[in-house]
Structures are given as C-alpha cells and as structure tokens.
Amino acid sequence: MSNMFTWETDADGILTLTMDDPNAPVNTMNTTFQEALTETTKKVQDAVAAGEVKAIILTSAKKTFFAGGDIKSMIKATPADAAELTRTIDGMKANLRTLETLGVPFVAAMNGTALGGGLEVALAAHHRIAADTKGAKFGLPEVTLGLLPGGGGITRTVRMLGLQDALMKVLTTGRQFSAEAAQEAGLIDEVVPADQLLDAARAWIASEPEASQPWDRKGYRMPGGTPSTPALAQFLPSFPANVTKQIKGAPMPAPKAILKAAVEGAQLKRVEDATAVETRYFVDLVTGPTAKNMMQAFFFDLQFINGGGSRPKQEDGSDFERTQFKKLGMVGAGMMGAGIAYVAAKAGMEVVLKDIKMEAAEKGKSYSEGLEAKALKRGKTTEEKSKALLDRIKPSVDYSDLADCDIVIEAVFENTELKHKVWAEIEAAVPETCVLGSNTSTLPITGLAEGVKRAGDFIGIHFFSPVDKMPLVELISGEKTDKATLAKALDFTAQIRKTPIVVNDSRGFYTSRVIGFFLNEAMRMLVEGIDPAVIEAAGRQAGYPAPPLQLQDELNLKLARKIGAETKAAQEAAGESVDDGGVTGLVDKMLDEYDRPGKLEGKGFYEYDENGRRTGLWRGLWDQLGAGTVAVPDAETTTSGSGLATAGSGGRPQQGKQEGPKLIDLIERMLFAEALETQKCLDEGVLTSDADANIGSIMGIGFPAWTGGTRQYIKNYARPAEAELPEGKVADTDGGDYPTTGVAGFVVRAEELAAKYGERFTPVDSLRN
Ligand code: NAD
C-alpha cells in the first residue's frame, strides 16, 4: 500500500508532510491513513532522533485538509468488532501522541475544511493555522451523527478550552465553525491568506523552536479547573441537566457519552489515559444502533439526495441539462409567499411578489426587510448585500410583471377553485418555457393540474413554514408532470439551497399525510383517557422536537377538521373502513363546544398568555373532557424532572385510576403509526426511495432524528428494554427465537400493538416478505 503522506524536508530541517489519499477525493481516517500514519510516525521519530528533522508541518494536497472519520466503514461496525476497533483507534491515537511529544514544533497547516477526525488530527499539533478559503469549516460534528470525537478530540478540546466551553460550545452542539469563528472559539490559532499558509507555518516554527502542548508543560492548569476544583465542581451537577434539556429527553446516547468521556477524562492526568476513556465510549456508540441510523440519514441519505439521486433521466438515459433560474414570479404574498420570495432573493434571483392589493404585496416584502434588519444587526450581512437583496424583490399587483419569469410559484389560499382561476391568469402572462409550481400543502396536484393548460410543466413545490428556517422542500409530480419539469424543480431547490424530496401525488403527499398519523394517535390517547401531560411526555421521550398536542395547537384544529373530513370522504368513496378512534368527536368538541382551535387564537389543548407563550395544558382536558382517567404506571417515575413538570400541568395523581398501558407503548404507537404509513407510501409508489422517506420525515415533520427517519426506523428497529416480551418468549438476541431487531422485530412488535390497540398497526405485507 502506498504511503499517503508525501515527505519533503528543507535545508532548515523542516519536514512537510502532505496528506493525499490516492484512492479517494478526500482524506479520511481509513485504513490507508492508519497504515500510512504508523509508518510515517516511525520514520519521523527516527529522523528527529538523528537530528535530521527539527520541525513538522502537516498539510494536505486535497481541496480540504481532512474530511474526518471513515463513515463507510464505521456504519458497518458491530459489537463483534469492538475489540479490533479499540485496538485500531488506540493505535492511531498513540501515533498522534508520539508526534505531539517528539520535542520538535508540530504545526497543522489547514488548507481547507477540517471536520471531525480531520480537526482531531490537527488538535494533536502544537499550532493550527487555517487558510482563509471560502466555505471552509472547522469543528467536531460527531454528535450530529450519533457519535463522539474519539480521535483525541474530547481530550484535547477539554484541555485547551476547559470543560465548560469544550462541552457547551464545541462537543455537544457539533457546531461547524468558519475559520474566523473557530479562531474566536480557540480551536485554531491563526487564519492567513491561502498563499501564505506554509510561510506562516515556518514563521511560527522560527518563533517557537521549543514548542510543546500546554498540557505537557510543567505547571499546566486546565482552564476553569478540573472536576475536583471547587469552582468547577459546583457547576458540574448542572451539566447533565443541560444535556437533557438540549435533547429534550430523546433516547440519544451520544451527548451523554460525550459528557461522561469529557468529565472522566478531565480527572485523569495523563493524556493517554483520557483518550483511552474516550475510545471506550466511542466504540460503544459506533457499534450501537443509533449512530448507524444517524449516519445513514445524515450522511448517506443526504448525500444521495443532494447529489441528485432522485433527479430523473431522459428516455435515452442521459441527464437533463441543468437550468439556472433568474426570475421567480411569486403569486400570493402571505406567510408562505413572503418566505419563498426571501429565500429566492437571497439566492440571487429577481422576484416579483404578487398579491391582490399592493398593501399585501408590500407586507410580504416587509418580511424580508425584517429578516435582513436582524441579519445586519448580527453582522451576518453587509448594508450593500442587504440592499441588493431587497432591491431584487418587487411587490406587484399586476400579472404582466410575470412576463419574463422562468419559474412561477403560487401560494394563494388553499382552495381549488381559486387556484384554478389564478393559474389561468398566470398562464396567460408567463412565457411558454416557464416552470409552474404550486405550494399547496394538501390539494392533489393531478386535480389542480386540471385547471392548467401546460400540465406537463406543472408541479407541486411544497415548502415548510417558516420557509427561511426549514431546510426541506417536497416536490410532487402529478400524473401529467413531465420528467423535465421535475429535473428543473430540483435545480431550483438546489439553487435556493434547500433539500428536496421527490414524491408522487397522493392526498397529503408524503409529509402531511404521515404527520397526521402522529397527531391522530396522540388524540386517540386523549380520547382513551390518558393524561395529556403523559401523552406530551411520551412525545418528548420518543424524541419529537415538539410533542403532539403542542404541535397540533400550532397546526390548528380547524385545519385538522378540514383535512380529517376530506380524508374520511376519500376513504368512504374508496370503500375503506373508517375508524377514527373518536378523534372527530374530540375535535368537534374542542371547536364547537369550547372554541379552542389552537395557538393562533390563544386557546387550544394549551393555554397561552397575551404574548402567545404556552402557560400550561388546558384544565378542561381533565375537567370537561374526562382525560386522565387511565393510569400509565411508569409515567410518574420515568418522566420526573423532564416530562411531566415541563408539560405544564404537573399531571394528576395516579391513584384510583384504571390501569393503562406502559409509557413505551405510547411512545411506540406514535413512532409506529408514522413508520407504517410511510411503508404504505413506498408500496403505493408515493415514495420511491428510502432516502426520501428518511430525510422527508426528519427534516419536514420532526420524526425523531435518532431513528434515522421513518424507513430506517423499520429497517434497524431495536426493541427497547421497556417493551416487555409476551409471556414465555425469549428474544433472539438472548438465544431465543422471538425477533426483536430489524424488520422482523418491527413486524412482531407491530402485531403486538395491533392486538392491543387496533388493526391500524397490522404490518403491511411488504414488510413480511
Ligand atoms: P396566507 O393566507 O398567509 O396567504 C395567501 C395570500 O394569497 C394572501 O396574501 C392573499 O391575499 C393572496 N391571494 C389570494 N388570492 C390571490 C390572487 N388571486 N392573486 C394573488 N394573491 C392572492 O396563506 P399561506 O399560509 O401563505 O398559504 C398559501 C398556500 O401555501 C396554501 O396553498 C397553503 O396550503 C400552502 N402552504 C401553507 C403552509 C403553512 O404552514 N401555512 C405550509 C405549506 C404550504
């Protein structure tokens, strides 16, 4: 195997090691790197001992410095690999430690991005210089993949920055810093123009011939103190609470493992001992299910999607040409239109923002003005850029202003008749080549296309609110939508830097259809008599960013009633049985008897103060609607400190209630309801890839990130310990024959839920095969 480190020494004995993996576009911590590092470290050691090398500069021949861990191999790691993995990682860290302690200056000259393992390599150097290159990122984002920095990253950031800053600013957030921000955070020492990188490294070496790490010098003190220092010890108990707050009770092992590795490592004097602790926690995470799920979704699925995995091909198999959009016609300047106009203008497009009255169009533009004023205040943009962005948005009441648009998006009220009328007017105004997109959230595209002459050019472009923050766009092909139109719509979403999923037409498409199952399941529980505070706690512990009743308030019950009625009518028309679990009755009562539609009106399942802040669950849920008659035996204990208290009601004592299900059943009912509906979407061809299901569910509708998305949840299902097995069954993982993992484990658990809670949990046939 070739050594991926190029070796170059100059007359002053400065050795420049340039990393260049011959088999990959970026450097990663793969076998090539590990073997080359071992060989090179040995060689450097000998050369230093012989007095031939007096300083080391580590740099890279790639566009980036070092991309990080080798995710392709990490995702395959199983508990059986733990011992081998531990050996490999500790071996690599021993090499870095050797270079760190050779007694000659060691500088990382980072020509570009250094993330995760990449930054960890650089952290072993005595000095880090970054080239000022556009878009370069620095940080330890492992936590976002369900992992921890196991290449010395925890040990060294804690020793550099102190426990508190390392944990809160770098490790548990996984933030990716620009060079400037990384310097400010203390992760790197200098930022210089790219062509001065190596000169700057040599200059530093000249000024620090005796360089070493602070922690290897006599009298070193950890910034802020070690856990046994009284000043820090008094804050220590708040760390786990902060982490719990950050993950809101979700079953995410990584943040907790990071915390433990950091605190335990900080108590150990020797770097070698601290990094060994780090390795142990890392190996636990990387061989477990959650990291796999998160690597699948946030690395592989995102790569598939952003790499154009769903972009259609022409009949002859060739790619459609890329389209660069210059001018967007935005029809409807309400909440959604205003947001879409902003993201398009920000991406450099001209935007005509059209509404019925000039006042409404201008109000739509004022949304952009507000966002830009904030960005200016925070130093995220300049006066000049901001003005140019705002100048690109032209409020209008005149369809003739759309004459030279290359794409139009309609976001008028959700009403088929109105949309048909508006589309007739749009089509009369725009050029023949213009892409026609509707931002409808529920109306089937095929039906809307009946009011459009160029139906082949018509497509659903479904944004999420608030548009400037939500990363996802759902593209919906109707029956008549041309492939070329889908390709163009994908180019448009790429241009405005959103992540697109591609779905086929269906009521509610993918995201709106599936989120309804989550909300309905929670409302069924309420009807069954479960305490609403317990339902919310179950939602949080399942890992949803917003618990179901809170989310339902945000989405509004009036809309839920409208969609529910349409769905019911469609089901009846198709001859399907309708079992709503009493949810329709609940919604009717909430709206007609108690007038509590949701957050907008300041009253829903929750109470709100005059500023729209939740003050607690509405007492009427217990007093008028009879919720809370069924006890969830383990809810009181498992939710203490996070769930019940923050749900706002304090819950009710459990005595004298009917014995109900365990909390895990509530949690899994929510997750299974969405996962099973996703499987149906795949079976029906509404979805055509697992990646679309996973990314769409996490980024569009808040399906818990630790699962890796709705489809990954099924594929890599791991039965939680709290879900007791039926009498007499022994789990396959304990040598029995009762499936508890993967699709088979999912199917068996779904059948249990179906037997207990209703047929809707019966797994579809495609899962059995
Ligand atoms: P909104 O009520 O805030 O805005 C609708 C705007 O359309 C109003 O400003 C109205 O004056 C304007 N309008 C009506 N008729 C018009 C016409 N003939 N020409 C030009 N403008 C006209 O509604 P919204 O929340 O922005 O939703 C718009 C669309 O986006 C709907 O189809 C909705 O289903 C969809 N959508 C909404 C959300 C959401 O979270 N609100 C999310 C995704 C999709």
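This report describes the ligand site, a pocket and the salt bridges of a predicted model.

## The surroundings of the ligand

Around the ligand there is a shell of 23 residues, and those that come nearest are M336, D355, E414, K419 and S441. Sorted by class, this shell is made up of 12 nonpolar, 7 polar and 4 charged residues.

A polar atom in the side chain of E414 lies 2.5 Å from an oxygen atom of the ligand, while for V412 a backbone N or O atom lies 3.3 Å from an oxygen atom of the ligand. In the case of G334, a backbone N or O atom is likewise involved, at 3.5 Å from an oxygen atom of the ligand. On its own the ligand has 830 Å² of accessible area, and the protein covers 79% of this area.

The secondary structure elements that give two or more residues to the shell are the helices α14 (335–346) and α17 (416–429), together with the strand β15 (458–463). The largest share comes from α17, which provides 3 residues.

## The second largest pocket

The second largest pocket of the model holds about 1,400 Å³ of space. Its lining consists of 50 residues, and T28, G68, G69, D70 and I71 are those that lie nearest the centre of the pocket. By class, the lining has 21 nonpolar, 20 polar and 9 charged residues.

Several helices take part in this lining, with at least two residues supplied by each of α1 (31–49), α2 (71–74), α3 (82–100), α4 (117–123), α12 (271–286) and α13 (289–306). The largest share of the lining, 5 residues, comes from α3.

## Salt bridges

Side chains of opposite charge can pair when their charged atoms come close. A search of the whole structure finds 45 salt bridges, and one of them joins the side chains of E601 and K558, with a distance of 3.3 Å from N to O.

Where do the two partners, E601 and K558, lie in the structure? E601 belongs to the loop between α24 (583–593) and β18 (606–608), whereas K558 is found in helix α23, which spans residues 557–573. The pair therefore ties together parts of the structure that are 43 residues apart in sequence.

Note on methods. Residues numbered from 1 in each chain as written. Predicted model: local features only at pLDDT ≥ 70, side-chain atom pairs only at ≥ 80, totals over all residues. Heavy atoms only, no water. Near = heavy atom within 4 Å. Polar contact = N/O pair within 3.5 Å; in protein donor to acceptor, adjacent residues only side chain to side chain. Areas by Shrake-Rupley, 256 points an atom, 1.4 Å probe, with all protein chains shown as cover. Helix = DSSP H or I, 4+ residues; strand = E, 2+ residues; numbered from the N terminus. Nonpolar A, V, L, I, M, F, W, Y, C, P; charged D, E, K, R; others polar. 1 Å grid on protein atoms, 1.4 Å probe; cavity = no way out; pocket = protein on both sides within 12 Å on 5 of 7 lines; lining within 4 Å. Points joined across faces, edges and corners; volume = space filled by probe spheres on them. Salt bridge = Lys/Arg side-chain N within 4 Å of Asp/Glu carboxyl O.
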